[in-house]
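Thanks for making the time this morning.

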2 protein chains.
Amino acid sequence: MKFTISKSAFIKGLNTVSRAISTKTTIPILTGLKIVATNQSLILTGSDADISIETTIKTSDPDNLLAVESEGAIVLPARFFTEIVKKLPEDTLTIEVTDNFQTVITSGSASFTINGLDANNYPHLPEIDSSNSLPVAGDVLKQIISETVVAVSNQESRPILTGVHFTMDQDNILAVATDSHRLSQRKVALKQPFENSYDFVLPGKSLAELSKMIDDSKDDILLSVTENQALFVVGDTLFYSRLLEGNYPDTSRLIPDSFDTRVSFDASALLSTVERASLLSHESRNNVIKMIIEPDEKKVTIYGNSPDVGVVQENIDPISLEGNQLEISFNPDYMKDALRSLSQTSINVDFTSALRPFTLMPTEDGESFIQLITPIRTF
Amino acid sequence: MKFTISKSAFIKGLNTVSRAISTKTTIPILTGLKIVATNQSLILTGSDADISIETTIKTSDPDNLLAVESEGAIVLPARFFTEIVKKLPEDTLTIEVTDNFQTVITSGSASFTINGLDANNYPHLPEIDSSNSLPVAGDVLKQIISETVVAVSNQESRPILTGVHFTMDQDNILAVATDSHRLSQRKVALKQPFENSYDFVLPGKSLAELSKMIDDSKDDILLSVTENQALFVVGDTLFYSRLLEGNYPDTSRLIPDSFDTRVSFDASALLSTVERASLLSHESRNNVIKMIIEPDEKKVTIYGNSPDVGVVQENIDPISLEGNQLEISFNPDYMKDALRSLSQTSINVDFTSALRPFTLMPTEDGESFIQLITPIRTF
């Protein structure tokens, strides 16, 4: 195997597949990255067994400055090899595999010789039929991920809750995540009806990595799902993730369909107030803040306190306020996560009682994005 | 005590004194910061017993928006108090100390009450007579620090080597640091003759913190030294550091006064080459690279290798080369530190033999800045 390539194009590809490579793997060859050179392209692969990423650098794109002199394949130590490439002196580099998987990297007057591994020992990627794939706009998928992945559980005691539950029917994508203390649900209408239906749970970690690979363009990403794998095609890159096994709990009945108290807030103003109150609650053993809603006086007050350090109280002006008087306590960090994903909009916060879950929804188009938080009993 | 102040001016002062405050102190009150309000100013103090910083915010500067309603003093938990101030909603804030050192911070509709401590229990700062102080331009002092502090030892086995040795006579400041493997020496001519002479060792950690407080202006910093303390006056801020006790070794005889081989390099080109070679040496147990100098062929080659991972070799074109053929091995990290502090200049590297220390000096004005590295025996 021997080829010459643009350093910047090669680094871009190495960075892409490196997302899937962990130094903590129990399978030694997976600390390496696989390079396959063909006459048409260079194919780079990284994997940690849960996630696999394969990207193709084509000879047909003149920016890649890719010339393959002889075909072949090799596995090289990923972290170390990437460090070398980034430090090379010239804008192009040549890689040649010699005897015993010895690999020579030359650029200008610098010449590295490193020990490679036999590419035949690298695990095969899952085979997924992508002929019947679902197109999703990149910016929409990225938004769905950012809005739901905050609510996945990081407790391995219930593995299914460490993922986001996707249900896709003819018209909609519904994504739900919950760690049993809070829940986030996003519904998006499909641009064109989809004839299949899907129901699967993707690990939150996979989605977080996938999201980093998607830019904010509206370019379609093609999604294919098998019994235990999902494949996302992002431009010249394939992103494989295993699915979580098991049945996701039925979350539809958790969301209340009525309210006794509704307060509208500017999401960013509420976020600032909750952030201040959480400064105190974080110094305390039980991380709780209290909200008191007084409809008669159109007044909302937030309290935080830590016996060792002090107390904070702050009035926040609601946009509107209707329903019953209420005093409710909750974890401010769940509220902060929810408000950050709602960002700049005005929101409705709907309560039923001090011990029942309450919801946060954008004032407009509220049905499509619901966040739910379970309060904490403090009496 | 009660005062109102601009949030941004207050945060600037808090950030300044926070540099001296450690959460790891064994003296609990030093995790706090002291605030003293007088009719003219607010004085903030932070200390970790080694370093103390005191800064003054004056009522006379209208930007500070400082109005002191009643004088007084308090000690507040530094990290937590600073976090609160940064998160306050309005551009100004009011601080009032009530009974039992309870301190109320108000800004807009937010009100924090936190537990303070009696300022009478805060340690006194050293008393230093600054009537006979030495003015040093800020940018010059910052340069001296950055050029020497890299070479201080971080081994507590010889505490004196964890500092930089300053010798000041009528005409010059001489600063030297060595960890016994490498040495860095900077000499600067004083703008005006100084009638006293100083000889003291300042901890490297103090200098690193002091350097962060100095901007790149040429404004003078006033230096005063007592038997065991140094005081630097930087604008409205006083920076105190203890001195290291003991005799600094005589370093003047370590620097060779002749050479057998001299190679001139572009410092940044040599740095890039050494960085590449160190990628390999860092993977090896003994972190060593080798330089081979062949005057007959006007050729310099650098080698790095790690038995597990591979080898690198690179030719680097010297600007000029004179003297004997030489093969020498050294720690590339010392070379990188030295080259980074030499930055963009052309340099002379002067060797005597494979086992004797060699020096790096700027081609111009070489006497004023000398870096010395001890080679490693590999045969």
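How much helix and strand does the chain have over residues 137-250 of chain A, and how far apart are the end C-alpha atoms? Over that span the chain is 18% helix and 40% strand, with the end C-alpha atoms 27 Å apart, where helices (H or I, at least four residues) and strands (E, at least two) are DSSP runs, numbered from the N terminus.

Before going on, please keep in mind that this is a predicted model, in which local features need pLDDT of at least 70 and side-chain atom pairs count only at pLDDT 80 or more, while totals for chains, interfaces and linings use all residues. Residues are numbered from 1 along each chain as its sequence is written, chains are lettered from A and ligands numbered from 1 in the order in which they are written, and side-chain values use heavy atoms, leaving out hydrogens and water.

The UniProt record, in an unreviewed entry, places "domain: DNA polymerase III beta sliding clamp central" at residues 137-250 of chain A; its positions are given in the numbering used here, feature names are shortened, and annotations may be inferred rather than shown by experiment. Also from UniProt, and again unreviewed, is the annotation "domain: DNA polymerase III beta sliding clamp N-terminal", covering residues 1-126 of chain A, a stretch that is 17% helix and 43% strand. For residues 253-376 of chain A, UniProt gives "domain: DNA polymerase III beta sliding clamp C-terminal" (unreviewed entry), and here the chain is 21% helix and 42% strand, with end C-alpha atoms 20 Å apart.

By an automatic or database domain assignment, chain A is divided into domain 1 (2-121), domain 2 (134-180 + 188-250) and domain 3 (255-373). The centres of domain 1 and domain 2 of chain A, taken over C-alpha atoms, are separated by 29 Å, and 10 residues of domain 1 of chain A are in contact (heavy atoms within 4.5 Å) with 12 residues of domain 2 of chain A.
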